[in-house]
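Please have the sequence and the model open side by side. The notes below go point by point.

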Amino acid sequence: MRRSLILLLLLLVTSASYGKRLDVVVGWDKPPYVIAAQNSGFEVELVRAIFTEMGYEITPIYVPFGRTARIVNSGSVDVGLTLTPRHDIDPALLSNEYIAYQNVAVTLQERHLTISNLQDLSGKSIIAFQTAKSILGEAFFNVVDQQPTYLELAEQKRQVSLLLLGSVDVAILDRNIFHYIKSQFPKKQQYATQIHEIFPVSTYSAAIPDPALRHQFNTILARFIADGRYQALLDNFGLENLLFTPTRQEAIPLTPVQPLNFR
């Protein structure tokens, strides 16, 4: 009888433990935001810390960035990271904005290319991150949609490599990702480059279908920002806080957290 009781308690504890684990879809690989090989990066560590405070463990599932929304919509995971309504996701599933990127156009300095607006991309060979056409706006889409020299890649290290080798005129990716990846190349391959700020700062949310879980995530995220833990984590990865940068017209307002009514 005693042995049966112990086994029952172990089963209950095990079940509770599994109930506290969340599957989180993460678009690979976006160092220093996401470093899949180390199961780390700013986004992964931030989300892990928030859910840890909520009493959950996370299991990151790394997929090509363009598949995240599809997997969330299938209902097979608990959370999807780095999403906006433009990713074919129900806006009602999205958390408050927890991260900001700034995509830029990068060229080799020796080519002396002038890119001051989107139209200047016409006629140039371009390598962009996956889903760029979907999320960088209609004007960008119209410029590159019928351009045969436009390509999107999931592997951003390959993007930077093609640019530094001179295989393309322009690479389009987040500025922090570019600087991080470029710094990983041998010094002799770190050719001088020019940054063209032709895109605004873009903010992203997490897709969390469970409304109670999403509400709690928003509450803890706001706490992280208010008490300085958010900034400390950014500093740890050498990232600028673009969520509240003065380069934007205004700081991103946090959506007020409203109590949930479960009646």
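1. **A pocket to start with.** Asp29, Pro31, Ile35, Gln38, Glu155, Gln156, Lys157, Tyr180, Ile181 and Gln184 line the second largest pocket. On a 1 Å grid over the protein atoms alone, a pocket is an open set of points where a 1.4 Å probe fits, with protein on both sides within 12 Å along at least five of seven lines; lining residues have an atom within 4 Å of a point. The space in this second largest pocket is about 180 Å³. Volume here is the space filled by probe spheres set on the points, which are joined across faces, edges and corners. Helix H6 (156–164) and helix H7 (175–183) each give at least two residues to the lining.

2. **How to read the numbers.** This is a predicted model: local features need pLDDT of at least 70, side-chain atom pairs count only at pLDDT 80 or more, and totals for chains, interfaces and linings use all residues. Residues are numbered from 1 along each chain as its sequence is written, and side-chain values use heavy atoms, with hydrogens and water left out.

3. **The chain as a whole.** The protein chain has nine helices and nine strands. These are DSSP runs numbered from the N terminus: helices are H or I with at least four residues, strands are E with at least two. Of the 263 residues, 47% are buried. Buried means under 20% relative accessible area, exposed means over 50%, and partly exposed is in between (1.4 Å probe, protein chains only). Now take the contacts with a separation of 6 or more: 72% of them join residues 24 or more positions apart. Contact means heavy atoms within 4.5 Å.

4. **Lysine 30.** Find lysine 30 in the loop between strand E1 (21–28) and helix H2 (42–54). The backbone oxygen of glycine 27 lies 2.7 Å from a polar atom of the lysine 30 side chain. Leaving out residues up to four places away in sequence, lysine 30 touches Glu43, Phe65, Thr82, Tyr101, Gln156 and Ile177.

5. **Salt bridges within and between elements.** The count of salt bridges is eight. One joins glutamate 45 and arginine 48, with the closest N and O atoms 3.2 Å apart. Both residues lie in helix H2, three residues apart, about one turn of the helix. Glutamate 45 is partly exposed at 25% relative accessible area, and arginine 48 is partly exposed at 22%. Another joins aspartate 145 and lysine 133, at 3.1 Å between the closest N and O atoms. Aspartate 145 is in the loop between helix H5 (138–144) and strand E6 (150–153), and lysine 133 is in helix H4 (residues 132–135), so the pair ties together parts twelve residues apart in sequence.

6. **Arginine 175 and glutamate 197.** This pair also forms a salt bridge, with the closest N and O atoms 2.6 Å apart. It links distant parts of the chain: arginine 175 is in helix H7, and glutamate 197 is in the loop between strand E8 (193–196) and strand E9 (201–207), 22 residues apart. Glutamate 197 is exposed, at 52%. Elsewhere, salt bridges with shared partners join Glu53, Arg223, Asp227 and Arg229 into one network.

7. **Phenylalanine 217.** This residue sits in helix H8 (residues 211–227). Phenylalanine 217 is buried, with a relative accessible area of 1%. Its contacts, not counting residues up to four places away in sequence, are Ile50, Phe51, Met54, Ser95, Ala206 and Ile208. Phenylalanine 217 and glutamate 53 are 164 residues apart in sequence, yet 9.5 Å apart in space, C-alpha to C-alpha.

8. **Asparagine 241.** Look in the segment after helix H9 (229–236) for asparagine 241. Asparagine 241 is buried, at 16% relative accessible area. Its side chain reaches the backbone nitrogen of leucine 243 at 3.2 Å.

Conventions
Polar contact = N/O pair within 3.5 Å; in protein donor to acceptor, adjacent residues only side chain to side chain. Salt bridge = Lys/Arg side-chain N within 4 Å of Asp/Glu carboxyl O.
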